[in-house]
Amino acid sequence: MLTKRIIPCLDIKDGRTVKGINFIGLRDAGDPVELAAKYAMEEADELVFLDISATEQKRKTLADLVLRVAAAIDIPFTVGGGISSIADVEILLKNGADKVSINSAAVKNPDLINKLSDKFGSQCIVVAIDAKQKEGRWKVHLVGGKVPTELDLFDWAKEAQLRGAGEILFTSMDHDGTKEGYANEALARLSENINLPIIASGGAGKITHFINTFIEGKADAALAASVFHFGEISIPELKNKLKEERVIVRIDK
Amino acid sequence: MIAIIDYGAGNTKSLQFALDRLGVKSVLTSDLNIILNADKVIFPGQGAAKSAMEKLKQQRLDKLILNLKQPVLGICLGMQLLCEFTEEGNIEGLGIIEGTVKRFTNEVKVPQMGWNSIHRLNGPLFDGIEAGAYMYLVHSYFVPELKETMAISNYNGVYSVALQKDNFYGVQFHPEKSSTKGQLLLNNFLKL
């Protein structure tokens, strides 16, 4: 059986791991390569690196980091943050990234999804969507959640699928940083509407939140950052608890 | 020397790093002579079948692969292209193994993405790997069960995750991304 995936997310700024609380107020949580290797050892299923400084600084630091990560770990990883062109994607994939995630650039230029999936294959194109509720509707936000749009989450996810996305990474900005659980209702609706793997993001605080997002939220994967980086939840313990709840996970001992 | 066939397939860097970690020297190349004379050949694959076959033909690598006598390991699309025909783009593969590559139906999420358990393991590639081991897979198309099937998995039904015919081996999963079990499999291939 295909397992549910646990994905630690490493937010990167200037080559270091950071985690924003509601996207503001950054705290340093270590060296990305070291942290990546530690998570791989603990049987994280995948990793995501989000370069939150990407739009403001040169890309070379990120490409170098990707190369060092690929040399060190033997599980898949996705790289995102400020990616807006075929050339951006090419260098990251060439340096050993398995997938890239695109966000604002895809909203501004939806054709980018078609171009990237035609060139590199759908399997390596993750469309990341940040959204929050406004008057009962989920609205897509851009630039790390700073800029609201009128675009509806579910419409946009559907369009991303039709244009060739291979996976959807949905971050609920209403839940991100709250540690009160994932946006399971919206996640379940996404899974019903979209025939792509869905990664749940935003709101993890306790082990029960992961159990709920897999069962109620029908998520294929759950992403979290600070609960892992600060040792609040250990991945082996999390996976054992998931297994007890009959969520299928990879425990390979 | 291990030759990794260079025809523009994605993420060969991770494969090279995995071989580095096993202490083995590899070269990413499209040079016919180097490939022909390598101890082992790895035929990677990621991306679309049609453009992959076109590139193989342009570089005359399709004919070369058919004539290889050393152990050859096709990975992911590399395994699928060992087959006769693929529904992905409705094109002919290399035809080393009789069989048609099919698409997963929309009853399940496509692509299958993540770790799945593998079973009914046969042959030297799986030495030391137990049934039920998890491997990392990303694919929308699959090879059904064939007489060359050496391992299976299940995603909306049973399908092949490993094939072997003579010196040609194929795995649907990515051993270079499948943690310690994947490394074991790569090492088994290197020992052939």
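In this predicted model, residues 24 or more positions apart account for 66% of the contacts in chain A with a separation of 6 or more. Chain A contains 10 helices and 12 strands. Its radius of gyration is 17 Å, close to the 18 Å from the globule rule for 253 residues, so chain A is as compact as a globular protein of that length. Overall values for chain A are listed here.

| Property of chain A | Value |
|---|---|
| Box filled by the C-alpha atoms, along the principal axes | roughly 45 × 45 × 40 Å |
| Buried residues | 60% of the 253 residues |
| Accessible surface | about 10,200 Å² |
| Accessible surface belonging to carbon and sulfur atoms | 51% |

Chain A carries 33 positive and 37 negative side chains, and the centres of these two sets are 1 Å apart.

The largest nonpolar core has 81 residues, and those touching the most other members are A:L47, A:F77, A:I168, A:F170, A:F210 and A:F228. Another core, of 34 residues, lies apart from it and includes B:I118, B:I129, B:A151 and B:Y155.

Leaving out residues up to four places away in sequence, A:F77 touches A:L47, A:F49, A:V66, A:V69, A:A70, A:G96, A:A97, A:D98 and A:K99, as well as B:K177.

A:F210 belongs to helix α8 (residues 207-215) of chain A, where A:I207, A:H209, A:F210, A:I211, A:T213 and A:F214 are buried. Among the elements of chain A that cover these buried residues are β1 (5-13), α7 (184-193), β11 (198-201), β12 (221-224), α9 (226-229) and α10 (235-244).

Terms used:
Residues are numbered from 1 along each chain as its sequence is written. Chains are lettered from A and ligands numbered from 1 in the order in which they are written. This is a predicted model: local features need pLDDT of at least 70, side-chain atom pairs count only at pLDDT 80 or more; totals for chains, interfaces and linings use all residues. Side-chain values use heavy atoms; hydrogens and water are left out. Helices (H or I, at least four residues) and strands (E, at least two) are DSSP runs, numbered from the N terminus. The radius of gyration is taken over C-alpha atoms; the globule rule is 2.2 Å times the number of residues to the power 0.38. Buried means under 20% relative accessible area, exposed over 50%, partly exposed in between (1.4 Å probe, protein chains only). Contact means heavy atoms within 4.5 Å. Accessible areas come from the Shrake-Rupley method with a 1.4 Å probe; for residues, only the protein chains shown count as cover. Lys and Arg count as positive and Asp and Glu as negative; His and the chain ends are not counted. The place of a charge is taken as NZ of Lys, CZ of Arg, CG of Asp or CD of Glu. A nonpolar core is a set of buried Ala, Val, Leu, Ile, Met, Phe, Trp, Tyr and Cys residues joined through side-chain atoms within 4.5 Å.
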